[in-house]
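Please open the model in your viewer and keep the selection panel at hand. The tour moves from one selection to the next, and at each stop it says what is there.

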Amino acid sequence: MKQTSFILSMIIPGKRAPRNNIDVYLLPLIHELKELWNTSVKTFDACGNEVFDMHTTILWTISDFASLGTLLGWNTHTGLACSRCNFDTTPRKFLKGGKFCFMSHRRWLDRKHRFRLARMRFDGTIENRNPPLPISKYDVLQQV
(Lines give C-alpha, C1' and ligand atoms only; values in the text may rest on other atoms or scores of the structure.)
Protein backbone atom coordinates (compact mmCIF):
# COMPACT_ATOMS: atom_id res chain seq x y z
CA MET A 1 0.00 0.00 0.00
CA LYS A 2 1.37 3.40 -0.97
CA GLN A 3 1.63 5.94 1.82
CA THR A 4 1.32 9.69 1.38
CA SER A 5 2.47 12.09 4.06
CA PHE A 6 2.17 15.84 4.21
CA ILE A 7 4.52 18.10 6.10
CA LEU A 8 3.79 21.79 6.45
CA SER A 9 6.91 23.87 6.72
CA MET A 10 6.90 27.62 7.14
CA ILE A 11 9.75 30.04 6.73
CA ILE A 12 8.82 33.46 8.02
CA PRO A 13 12.05 35.43 8.33
CA GLY A 14 12.03 38.72 10.17
CA LYS A 15 14.49 41.61 9.98
CA ARG A 16 17.34 39.21 9.23
CA ALA A 17 15.68 37.79 6.11
CA PRO A 18 18.16 36.38 3.60
CA ARG A 19 16.66 38.50 0.76
CA ASN A 20 18.73 37.85 -2.38
CA ASN A 21 20.63 35.05 -0.65
CA ILE A 22 17.52 32.89 -0.21
CA ASP A 23 19.20 30.18 -2.33
CA VAL A 24 22.03 29.91 0.22
CA TYR A 25 19.49 29.85 3.04
CA LEU A 26 17.45 27.04 1.41
CA LEU A 27 20.39 25.03 0.02
CA PRO A 28 20.60 22.49 2.90
CA LEU A 29 16.85 21.85 2.57
CA ILE A 30 17.16 21.37 -1.22
CA HIS A 31 20.05 18.90 -0.80
CA GLU A 32 18.13 16.90 1.78
CA LEU A 33 14.96 16.84 -0.35
CA LYS A 34 16.94 15.63 -3.39
CA GLU A 35 18.50 12.87 -1.32
CA LEU A 36 15.12 11.82 0.09
CA TRP A 37 13.60 11.77 -3.40
CA ASN A 38 16.32 9.60 -4.94
CA THR A 39 16.83 7.30 -1.97
CA SER A 40 14.12 6.42 0.48
CA VAL A 41 14.20 6.43 4.25
CA LYS A 42 12.54 3.74 6.33
CA THR A 43 9.80 5.50 8.29
CA PHE A 44 7.42 4.19 10.93
CA ASP A 45 3.72 4.91 10.42
CA ALA A 46 2.23 4.97 13.92
CA CYS A 47 -1.33 5.02 12.60
CA GLY A 48 -0.91 1.92 10.43
CA ASN A 49 1.67 0.37 12.76
CA GLU A 50 3.99 -0.39 9.84
CA VAL A 51 7.29 0.70 8.30
CA PHE A 52 7.37 2.17 4.80
CA ASP A 53 9.88 3.75 2.39
CA MET A 54 9.44 7.53 2.45
CA HIS A 55 10.33 9.80 -0.49
CA THR A 56 9.91 13.59 -0.38
CA THR A 57 9.29 16.48 -2.73
CA ILE A 58 8.06 20.06 -2.72
CA LEU A 59 4.62 20.16 -4.27
CA TRP A 60 4.04 23.91 -4.10
CA THR A 61 4.79 27.03 -2.16
CA ILE A 62 2.34 29.62 -0.91
CA SER A 63 3.83 33.09 -0.68
CA ASP A 64 2.78 36.67 -0.68
CA PHE A 65 3.84 38.59 -3.77
CA ALA A 66 7.00 40.08 -2.26
CA SER A 67 8.15 36.69 -0.93
CA LEU A 68 7.41 35.08 -4.28
CA GLY A 69 9.71 37.62 -5.91
CA THR A 70 12.46 36.80 -3.44
CA LEU A 71 11.98 33.06 -3.81
CA LEU A 72 12.01 33.20 -7.62
CA GLY A 73 14.66 35.90 -7.88
CA TRP A 74 12.11 38.06 -9.71
CA ASN A 75 11.69 41.79 -9.14
CA THR A 76 8.05 42.30 -8.13
CA HIS A 77 8.37 46.09 -7.77
CA THR A 78 8.57 46.95 -11.47
CA GLY A 79 6.49 46.69 -14.59
CA LEU A 80 7.68 43.09 -15.00
CA ALA A 81 6.21 41.86 -11.73
CA CYS A 82 4.22 38.91 -13.06
CA SER A 83 6.45 35.84 -13.01
CA ARG A 84 3.96 33.89 -15.15
CA CYS A 85 3.63 36.51 -17.91
CA ASN A 86 7.36 37.23 -17.77
CA PHE A 87 8.25 39.84 -20.42
CA ASP A 88 4.90 39.47 -22.21
CA THR A 89 2.96 41.82 -19.92
CA THR A 90 1.40 45.28 -20.21
CA PRO A 91 2.06 47.28 -17.05
CA ARG A 92 0.50 50.66 -16.32
CA LYS A 93 1.80 53.03 -13.69
CA PHE A 94 -0.71 54.86 -11.50
CA LEU A 95 -0.37 58.63 -11.79
CA LYS A 96 -0.61 59.05 -8.03
CA GLY A 97 1.57 56.79 -5.93
CA GLY A 98 3.70 55.42 -8.76
CA LYS A 99 2.56 51.81 -8.27
CA PHE A 100 2.11 49.43 -11.20
CA CYS A 101 -1.08 47.69 -12.23
CA PHE A 102 -1.46 45.01 -14.89
CA MET A 103 -4.29 45.20 -17.38
CA SER A 104 -3.37 42.05 -19.29
CA HIS A 105 -5.05 39.77 -16.75
CA ARG A 106 -8.13 39.51 -19.02
CA ARG A 107 -6.02 37.43 -21.44
CA TRP A 108 -6.57 34.39 -19.22
CA LEU A 109 -10.36 34.50 -19.57
CA ASP A 110 -12.33 32.49 -22.11
CA ARG A 111 -12.36 34.11 -25.58
CA LYS A 112 -16.08 34.92 -25.29
CA HIS A 113 -16.02 36.22 -21.71
CA ARG A 114 -17.82 39.56 -21.35
CA PHE A 115 -14.88 41.18 -19.52
CA ARG A 116 -12.72 40.84 -22.64
CA LEU A 117 -15.06 43.30 -24.37
CA ALA A 118 -15.64 45.60 -21.37
CA ARG A 119 -13.64 48.65 -22.50
CA MET A 120 -14.94 51.13 -19.94
CA ARG A 121 -14.51 48.85 -16.93
CA PHE A 122 -10.80 48.51 -17.58
CA ASP A 123 -8.39 50.57 -19.69
CA GLY A 124 -10.56 51.46 -22.69
CA THR A 125 -9.39 48.52 -24.80
CA ILE A 126 -10.77 45.17 -25.91
CA GLU A 127 -8.55 42.22 -24.98
CA ASN A 128 -7.99 39.96 -28.01
CA ARG A 129 -4.64 38.38 -27.10
CA ASN A 130 -4.11 34.78 -26.00
CA PRO A 131 -2.51 33.97 -22.64
CA PRO A 132 1.29 34.06 -22.71
CA LEU A 133 3.10 30.93 -23.80
CA PRO A 134 4.72 28.84 -21.07
CA ILE A 135 8.35 29.72 -20.44
CA SER A 136 10.81 26.93 -21.26
CA LYS A 137 13.59 25.82 -18.92
CA TYR A 138 16.07 27.11 -21.46
CA ASP A 139 14.52 30.61 -21.39
CA VAL A 140 14.62 30.67 -17.60
CA LEU A 141 18.31 29.70 -17.58
CA GLN A 142 19.07 32.37 -20.19
CA GLN A 143 17.42 35.02 -17.99
CA VAL A 144 19.33 33.89 -14.91
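Begin by selecting Ile30, which is partly exposed at a relative accessible area of 34%; here buried means under 20% relative accessible area, exposed over 50% and partly exposed in between, with a 1.4 Å probe and protein chains only. Ile30 belongs to helix H1, residues 22–38, where helices (H or I, at least four residues) and strands (E, at least two) are DSSP runs numbered from the N terminus. This is a predicted model, in which local features need pLDDT of at least 70 and side-chain atom pairs count only at pLDDT 80 or more, whereas totals for chains, interfaces and linings use all residues. Residues are numbered from 1 along each chain as its sequence is written, and side-chain values use heavy atoms, with hydrogens and water left out.

Accessible areas come from the Shrake-Rupley method with a 1.4 Å probe, and for residues only the protein chains shown count as cover.

Now show the whole protein as a cartoon. Its secondary structure comes to four helices and four strands, and along the sequence these follow the pattern α-β-β-α-β-β-α-α. Buried residues make up 19% of the 144 residues, and the accessible surface comes to about 12200 Å², of which 59% belongs to carbon and sulfur atoms. Among contacts between residues at least 6 apart in sequence, 23% join residues at least 24 apart, a contact meaning heavy atoms within 4.5 Å.

Next, select strands S1 and S2, which pair in the antiparallel sense over five bridges; two strands count as paired if DSSP finds at least two bridges between them. Asp45 stands opposite Glu50 in S2, and the hairpin of S1 and S2 has four residues between the strands. Most residues other than glycine have a negative phi. With 60% relative accessibility, Asn49 counts as exposed.

Lys42 lies in strand S1 (residues 41–45) and Asp53 in strand S2 (residues 50–54), so the pair ties together parts that are eleven residues apart in sequence. Lys42 is exposed, at a relative accessible area of 61%, whereas Asp53 is partly exposed at 40% relative accessibility. The rule for a salt bridge asks for a side-chain nitrogen of Lys or Arg within 4 Å of a carboxyl oxygen of Asp or Glu, and by this rule the count comes to three.

For another of these salt bridges, select Arg106 and Asp123, whose closest N and O atoms are 3.2 Å apart. Arg106 lies in the loop between strand S4 (100–102) and H3, and Asp123 in the loop between H3 and helix H4 (137–143), so the pair ties together parts that are 17 residues apart in sequence. Is Arg106 buried or exposed? At 1% relative accessibility, Arg106 counts as buried, while Asp123 is partly exposed with a relative accessible area of 22%.

Then move to Glu127 and Arg129, whose side chains meet in a salt bridge at 2.9 Å, N to O. Glu127 counts as buried at 6% relative accessibility, whereas Arg129 is partly exposed at a relative accessible area of 31%.

From there, select Leu117 in helix H3, residues 114–117. Leu117 is exposed, with a relative accessible area of 56%, and its C-alpha is 9.5 Å from that of Arg106, eleven residues away in sequence.

Finish with the rings of Phe115 and Phe122. The structure holds one aromatic pair, and the centres of these two rings are 5.8 Å apart with their planes at 65 degrees, so the pair is edge-to-face. Rings of Phe, Tyr and Trp (its six-membered ring) pair if their centres lie within 6.5 Å, and planes under 30 degrees apart count as stacked, over 60 as edge-to-face and the rest as tilted. Phe115 counts as partly exposed at 26% relative accessibility, and Phe122 is likewise partly exposed at 26%.
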